[in-house]
Amino acid sequence: MLHTKFSKEMENIQGKVVAITGASSGIGEAIAHHLSAMGAKVVLGARRVDKLKSIVESIASGGGQAVYQKLDVTNTEEVVAFANFAVQQFGTLDVMVNNAGLMPLSMINSYKIEEWHRMIDVNIKGVLHGIAAALPIFEAKDSGQFVNITSVGDRWVGPTSTVYSATKFAVRAISEGLRQEVSGNIRVTLVAPGATESELAESISDPDLKKLAIEKFRTDLLPASAIARAVGYAISQPTDIDVNEIVVRPTAQKSF
Ligand SMILES: NC(=O)c1ccc[n+]([C@@H]2O[C@H](COP(=O)([O-])OP(=O)(O)OC[C@H]3O[C@@H](n4cnc5c(N)ncnc54)[C@H](OP(=O)(O)O)[C@@H]3O)[C@@H](O)[C@H]2O)c1
């Protein structure tokens, strides 16, 4: 019985073409590995092509199907080209995972204005670019799914996370508005991770804050594969079931 259920989930992922932004490390990389192991054809995008190349090689060596293209999500044309690349390579695009993001935490009165701009450009505009690139493809075939990776910071804000949380609140609003606007057969899923193993804390430029974040808040981390499985769950549902939100925290993460 359990075996049949698992097979059904796998069947719903098998052959799907999934484009993943920010696939060169952490959660994006784990999503690529997990979905390709479930039979999806994955298209990886990020700026560090050396990393993408080795992830694609590792997937291919395990028998999976994966390709990559250099991608900066702040560049509208590159994101459109990325979605079109998926169609050229595999004939269609079924799922767009808007995952690329950064989290340079800081107090507002540190005035790290360039970092605020970068978070807005990548975390918000990057997601909008992903939507603008994939939606015409989904609308033309009246099916498809967006998976937008936010954070528990899409519903929680505290000192140093003000701008980061603002970008994630925005993506939550965008996801809900998109869900209401799109036609019946297009699905919108938001996945909000708690503290997860990745390179995310590397984007914190203040060394004391980075140390504090790693030692105090980034303990008891989820493996990135836990988020990948949540994404797999949403994609594997029958097309008339739209899993809208999944929040995944480490059990030990109580305070936010
Ligand atoms: N780890 C956590 O605790 C956690 C918790 C909640 C939410 N999240 C969210 O999960 C997502 C993935 O982050 P992660 O934790 O896996 O961190 P990560 O290991 O630092 O991965 C971030 C990814 O985003 C890509 N990226 C950054 N700027 C980009 C740009 N301009 N264009 C294209 N790709 C870009 C990076 O690739 P390149 O540098 O190669 O471009 C990298 O692949 C983010 O949206 C983050 O906010 C993470």
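The side chain of Lys168 puts an N or O atom 2.9 Å from an oxygen atom of the ligand. That makes a polar contact, meaning a pair of N or O atoms within 3.5 Å. Keep in mind that this is a predicted model, where local features need pLDDT of at least 70 and side-chain atom pairs count only at pLDDT 80 or more, while totals for chains, interfaces and linings use all residues. Residues are numbered from 1 along each chain as its sequence is written, and side-chain values use heavy atoms, with hydrogens and water left out.

| Residue | Part of residue | Ligand atom | Distance |
|---|---|---|---|
| Lys168 | side chain | oxygen | 2.9 Å |
| Asp72 | side chain | nitrogen | 3.0 Å |
| Val73 | backbone | nitrogen | 2.9 Å |

How much of the ligand does the protein cover? On its own the ligand has 880 Å² of accessible area, and the protein covers 95% of that (Shrake-Rupley method, 1.4 Å probe).

Now for the shell around the ligand. It takes in 29 residues, with Ile27, Arg47, Tyr164, Thr196 and Ser198 the closest; to count, a residue needs a heavy atom within 4 Å. Both α2 (26-37) and α6 (162-181) supply at least two shell residues each; helices here are DSSP runs of H or I with at least four residues, numbered from the N terminus. By class, the shell has twelve nonpolar, eleven polar and six charged residues, with Gly counted as polar.

The ligand sits in the largest pocket, that is, more than half of its atoms lie within 2 Å of the pocket's grid points. The pocket's volume is about 1200 Å³, taken as the space filled by probe spheres set on the points. A pocket is an open set of points on a 1 Å grid over the protein atoms alone, with protein on both sides within 12 Å along at least five of seven lines; a cavity is a set where a 1.4 Å probe fits but cannot get out, and lining residues have an atom within 4 Å of a point.

The pocket is lined by 49 residues, and Gly101, Leu102, Met103, Leu200 and Ser203 are the closest to its centre. Two or more lining residues come from each of α2, α5 (113-141), α6 and α7 (207-217), and α7 gives the largest share, four residues. The lining splits into 22 nonpolar, 19 polar and eight charged residues.

There is also one cavity of 30 Å³ or more. Its lining consists of Pro104, Leu105, Ser106, Ile108, Trp116, Met119, Thr160 and Val163: six nonpolar, two polar and no charged.

Conventions:
A polar contact is a pair of N or O atoms within 3.5 Å; within protein, one must be able to donate a hydrogen and the other to accept it, and residues adjacent in sequence count only if both atoms are side-chain atoms.
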